[in-house]
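This report describes a protein model and the surroundings of its ligand. Please look at the sequence and the structure first.

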Amino acid sequence: MRVAIAGAGLAGLSCAKYLTDLGYSPIVLESRDVLGGLVAAWKDEDGDWYETGLHVFFGAYPNMLQLFQELGIEERLQWKEHTMIFNQPEKPGTYSRFDFPNLPAPLNGIVAILRNNDMLSWGEKIELAKGLVPAMLRGQKYVDSTDRLTFSQWLKQQGVGDDVEQGIFIAAAKSLNFIDPDEISALVLLTALNKFLQQKNGSQVAFLDGSPTERLCQPIVDHITERGGEVKLNAPLKEILLNEDGSVRGFLIRGLNGAEDEIVTADLYVSAMPVDVVKVMLPQPWQENEFFQKLNGLEGVPVINIHLWFDRKLTEIDNLLFSRSQLLSVYADMSNACKEYADSERSMLELVFAPAKDWIDKSEAEILAATLVELETLFPQHFGGENPAKLLKHKIVKTPRSVYKAIPGCQEYRPSQVTPISNFYLAGSYTMQQFLGSMEGAVLSGKLTAQAINAQATPEAKTSTKQKPTLQPATNAATA
Ligand SMILES: Cc1cc2nc3c(=O)[nH]c(=O)nc-3n(C[C@H](O)[C@H](O)[C@H](O)COP(=O)(O)OP(=O)(O)OC[C@H]3O[C@@H](n4cnc5c(N)ncnc54)[C@H](O)[C@@H]3O)c2cc1C
């Protein structure tokens, strides 16, 4: 059976990978000249990598870890010490750590929290435990019910004070969805806490040993092509063409650089494009359908990823750091954390700038200047003195619409992978799965789409697995 997939982010690639494993022949059509979508990365003029986002993998990512195993590339995950490190705004240049001991979950998490005396007083620990522990014990059904509240509202309802919110949860909310606790759905933080605390290594992070494009996406593409599938870059979906009964007749692909548009026809079609793109590309007859109308409740959140190369080492820390600063979220010194970016003499900081809604339209110079002011607090020993660290170069990647903004009530707008259109499916981290807008969510969504396709395929259709989707010039086929 032939399957055409629009979008070569992790969801589209995962969908194609699992379809080839099931014997199908997918073709992935990606609009850009780079794989990976939100994990895409590029080399600059000096050969240094820069990325759409600073990405870490968690121990609580079962589908992603399985994918690495299936591709035989597990050694590319560089696991870090099991600790969470926060900057201390009130003591510039110092860190507070939650060290997870080698004990079963959730004991290791409880000990990590009890041992930390910088960020939480004993009174706050008790307050937090009283609020969080019952929520954790009541399971996912309870967590799902918290989607009507922001995390700030939920904390207040549980009697947890503002200091705890300020101290820990602004950093946590910004790292999970690039927004503050007074915007993010309580469901997001409670889901993450559940997954992190219930598995021994759930919150342990790994960095990839190089760029996601080369070190993760390319092996998925190799897996797909070795099994008869195809991945095409520079192939933007322009229009979803319909049959009279409303099912999909073909994907119209825009011809670039003066080339003719083409129609890709297949037995089944998948959109693995971002939800903001799907919304504007819905064929008119589908717009009346409640299933597709719900997509209007979802919108990508802006975020900015910043890379700064310095003339010296700013830190030796080889892990993810929570800045707890006003403009920045998480960051890492990639010269320590990532094998391919390693440099023993100079730091390359990769920093996530969030919330970014008031900054996304500002100039690079303004964003850079604001970031450098925050670095003076994060690394006072390297700035402000007689011989301050010198910025050698920078790269800034703005993403005006990234993962779906997880505000209260948006769970009900997240669609299933199966749609009311018989030959059309959705994949993407915004589609319904437990892992929210993450790489794990994207990989899982693609797998769920492949499984749904396989489950719905008739036995006759399954036997015609070796045919490839066909490409025709649009001018002929569009009128056929
Ligand atoms: C700054 C940042 C940091 C992040 N950090 C983490 C992290 O640490 N851990 C984590 O798990 N997750 C993280 N994420 C989230 C993670 O990157 C995403 O959830 C995941 O990559 C989304 O994958 P996707 O395939 O669903 O969507 P996308 O990656 O958006 O893929 C959609 C694809 O569709 C393509 N497309 C668009 N229009 C068309 C068209 N017309 N025709 C054909 N193709 C089209 C796009 O170019 C893209 O390749 C981060 C994201 C960002 C932005």
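## Strands and sheets

Phe-58 has Val-205 in S9 as its bridge partner. The model is a predicted one, in which local features need pLDDT of at least 70 and side-chain atom pairs count only at pLDDT 80 or more, while totals for chains, interfaces and linings use all residues. Residues are numbered from 1 along each chain as its sequence is written.

Strands here are DSSP E runs of at least two residues and helices are H or I runs of at least four, both numbered from the N terminus. Two strands pair if DSSP finds at least two bridges between them. Strands of a sheet pair through backbone hydrogen bonds, either parallel or antiparallel.

S5 and strand S9 (residues 205-208) run antiparallel and are joined by two bridges. They belong to an open sheet of three strands in the order S5-S9-S6, with antiparallel pairing. Strand S5 (57-58) and strand S6 (77-79) are at its edges with a single partner strand each, so one side of each has no neighbour in the sheet.

Another open sheet has seven strands, ordered S8-S7-S16-S17-S18-S15-S19, and its pairing is mixed. Its edges are strand S8 (95-99) and strand S19 (391-399); each has a single partner strand, so one side of each is left without a neighbour in the sheet. S15 and S19 run antiparallel and share eight bridges. In this pair, Val-303 is opposite Thr-399 of S19.

Strand S14 (residues 268-271) has two parallel partners, listed below with S14.

| Strand paired with S14 | Bridges | Residues opposite each other |
|---|---|---|
| S1 (residues 2-6) | four | Ala-6 and Ser-271 |
| S20 (residues 424-426) | three | Leu-426 and Ser-271 |

From S14, Leu-268 and Val-270 point one way, Tyr-269 and Ser-271 point the other way, and all are buried. A residue counts as buried if 20 or more other C-beta atoms, placed from the backbone, lie within 10 Å of its own.

## The whole protein

The protein has 16 helices and 21 strands. Its radius of gyration, taken over C-alpha atoms, is 23 Å, close to the 23 Å that the globule rule gives for 480 residues, so the protein is as compact as a globular protein of that length. The globule rule is 2.2 Å times the number of residues to the power 0.38. Along the principal axes, the C-alpha atoms fill a box of roughly 70 × 50 × 40 Å. Of the 480 residues, 46% are buried.

An automatic or database domain assignment gives domain 1 (2-34 + 212-298 + 410-477), domain 2 (100-201) and domain 3 (303-399). The centres of domain 1 and domain 3, taken over C-alpha atoms, are 36 Å apart.

## Around the ligand

How many residues surround the ligand? The shell holds 39 residues, and the closest are Gly-7, Gly-9, Ala-11, Gly-37 and Gly-53. Helix H1 (10-21), strand S15 (303-310) and helix H14 (439-456) are the elements that give two or more residues to the shell. H14 provides the largest share, four residues.

Domain 1 and domain 3 each contribute at least three residues to the shell. By residue type, the shell has 20 nonpolar, 16 polar and three charged residues. Here Ala, Val, Leu, Ile, Met, Phe, Trp, Tyr, Cys and Pro are nonpolar, Asp, Glu, Lys and Arg are charged, and the others, Gly among them, are polar.

Methods. Near = placed C-beta within 6 Å. Buried ≥ 20, exposed ≤ 12 C-beta atoms within 10 Å, placed from the backbone.
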